[in-house]
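This briefing goes through one structure by topic, for use alongside the sequence and the 3D view. Please keep both open while reading.

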Amino acid sequence: MIDAAIRAYYERGDERDRLFAGGERLELVRTRELVRRYLPPPPAAVLDVGGGPGAYAAWLAEAGYRVHLIDPIPLHVEQAVEAAAAQPAHPFTAALGDARRLDAADASHDSVLLLGPLYHLTERTDRLAALAEARRVLRPGGLVLAVGISRFASLLDGMRQGVLADPLAAGIVARDLIDGQHRNPAPDRFPVWFTTAFFHHPSELAAEVEESGFALQALLGIEGPGGYVGPGWHEPSQRDGILAAARAVEQEPSLLGLSAHLLAVGRKTEDGGA
Ligand SMILES: C[S@@+](CC[C@H](N)C(=O)[O-])C[C@H]1O[C@@H](n2cnc3c(N)ncnc32)[C@H](O)[C@@H]1O
């Protein structure tokens, strides 16, 4: 059961181009870098849970991975099927599904990507259910790559955009900072801000992954400080420096929350236990 605001947000159809508008976005470039670093080599079997229109699934399939994508938004699944059809030499599959109840068999995958579902599972019990399902379908030794949005994302983005004096924006940010429950009551006024979501404190994401029985391998900031500080990714001459900065402090605990997105890498230990 997907919340009506979340469904309406994705039915606008913006997700397919989000990571590619104006060239490849910092989020995409760094997420790919980290996914490549942690995934086992192809042809490992990857389940892309909440894979949307297939930005990562298509790329991984092209690299030789065996990829299946699931997503609860029918438009996203249609777009993912189209993306797969557009690369017949590197196929992948896509179907409707929910992170909390996966159809995949126990121990059937080498890696599970959760690059999005945890944002929209606003109840902790649902996030833990999604992580438990990821663990169930992983083989012993397999990895989950789980991304959360930083608790501080709307504060930092609001500063960058100069909208914090607006009482509506300030109210959204204030609630995010209190409990991470992000709500956008006027998406027509703040169309670039996200829909119904939970924004993690870095320590919460790590704790949820560990509590779900994974051995935490790493907790990383994806974009790094250059996502919000400095001249910005839209300046091509700045990109190498922004990427270097992201790598330099990707595991620095005091700076993790400065990245809009956080990646937790968890391993299902060989004995299947914690
Ligand atoms: C911001 S998009 C990210 C899409 C893609 N993984 C990416 O990183 O480009 C979040 C995705 O999570 C999906 N999602 C929302 N709730 C979900 C749930 N309960 N189970 C699985 N996916 C969900 C949405 O449909 C959407 O495709």
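**Loops and backbone**

A107 is partly exposed, as 15 other C-beta atoms lie within 10 Å. The model is predicted.

Backbone geometry

- A107 sits in the loop between β3 (93-96) and β4 (109-114).
- The phi of A107 is positive, near 55°, and A107 is not a glycine.
- Most residues other than glycine have a negative phi, and most peptide bonds are trans.
- The peptide bond between P42 and P43 is cis, with omega at about 10°.
- P43 belongs to the loop between α3 (26-38) and β1 (45-49).

Ligand shell

- There are 21 residues around the ligand, and those that come nearest are G50, G52, A99, L115 and G116.
- By class, the shell around the ligand holds 11 nonpolar, six polar and four charged residues.

Nonpolar core

- The largest nonpolar core counts 66 residues, and L114 and V144 have the most contacts inside it.
- Strand β5 (residues 138-150) is the element that gives the most to this core, namely seven residues.
- Beyond its neighbours within four places in sequence, L114 is in contact with V49, G50, A99, A130, A134, V144, L145, A146 and V147.
- Two of these contacts of L114, G50 and A99, are also among the residues that come nearest to the ligand.

Helix α5

- Helix α5 (residues 74-85) is made of 12 residues. From first C-alpha to last it reaches 17 Å, close to the 16 Å expected at 1.5 Å a residue.
- The buried residues in α5 are H76, V77, Q79, A80, A83 and A84. They lie on the same side of α5, because they cover an arc of only 165° around the axis.
- P74 and A85 are exposed on the other side of α5.
- The cover over the buried residues of α5 includes α1 (4-11), α2 (15-18), α4 (55-62), β2 (66-71) and β3.

Helix α8

- A153, S154, L155 and G158 are buried in α8.
- These buried residues of α8 pack against β5, α9, β6 and β7.
- R160 is also part of helix α8, but R160 is partly exposed, with 13 other C-beta atoms within 10 Å.
- R160 and Y228 are separated by 68 residues in sequence, while their C-alpha atoms are 6.9 Å apart in space.
- Just after α8 comes G162, with a positive phi of about 65°.

Helix α9

- Helix α9 (residues 167-179) is made of 13 residues. Its span from first C-alpha to last is 19 Å, close to the 18 Å expected at 1.5 Å a residue.
- A169, I172, V173 and D176 are buried in α9. Seen down the axis of α9, the buried residues fall within an arc of 95°, so they line one face of the helix.
- On the other side of α9, the exposed residues are P167, G171, A174, I178 and D179.
- The partners against which the buried residues of α9 pack are α8 (153-161), β6 (181-182) and β7 (197-200).
- G180 follows α9 and has a positive phi, near 75°.

- A197 is in strand β7 and is buried, with 27 other C-beta atoms within 10 Å.
- A197 and H120 are 77 residues apart along the chain, and their C-alpha atoms are separated by 4.6 Å.
- With neighbours within four places in sequence left aside, A197 is in contact with Y119, H120, T122, I149 and H182.
- G224 lies in the loop between β8 (215-221) and α11 (239-248). G224 is buried, with 26 other C-beta atoms within 10 Å.
- Not counting residues up to four places away in sequence, G224 touches I242, A245, A246, V249, E250 and S259.
- G224 and E252 are 28 residues apart along the chain, with 10.0 Å between their C-alpha atoms.

Conventions: Residues are numbered from 1 along each chain as its sequence is written. This is a predicted model: local features need pLDDT of at least 70, side-chain atom pairs count only at pLDDT 80 or more; totals for chains, interfaces and linings use all residues. A residue is near a molecule or strand if its C-beta atom, placed from the backbone, lies within 6 Å of it. Ala, Val, Leu, Ile, Met, Phe, Trp, Tyr, Cys and Pro count as nonpolar, Asp, Glu, Lys and Arg as charged, and the others, Gly among them, as polar. A nonpolar core is a set of buried Ala, Val, Leu, Ile, Met, Phe, Trp, Tyr and Cys residues joined through C-beta atoms within 7 Å. A residue is buried if 20 or more other C-beta atoms lie within 10 Å of its own, exposed if 12 or fewer, and partly exposed in between; C-beta atoms are placed from the backbone. Helices (H or I, at least four residues) and strands (E, at least two) are DSSP runs, numbered from the N terminus. Two residues are in contact if their C-beta atoms, placed from the backbone, lie within 7 Å. The expected span of a helix is 1.5 Å times one less than its number of residues. The arc is that of the directions from the helix axis to the C-beta atoms.
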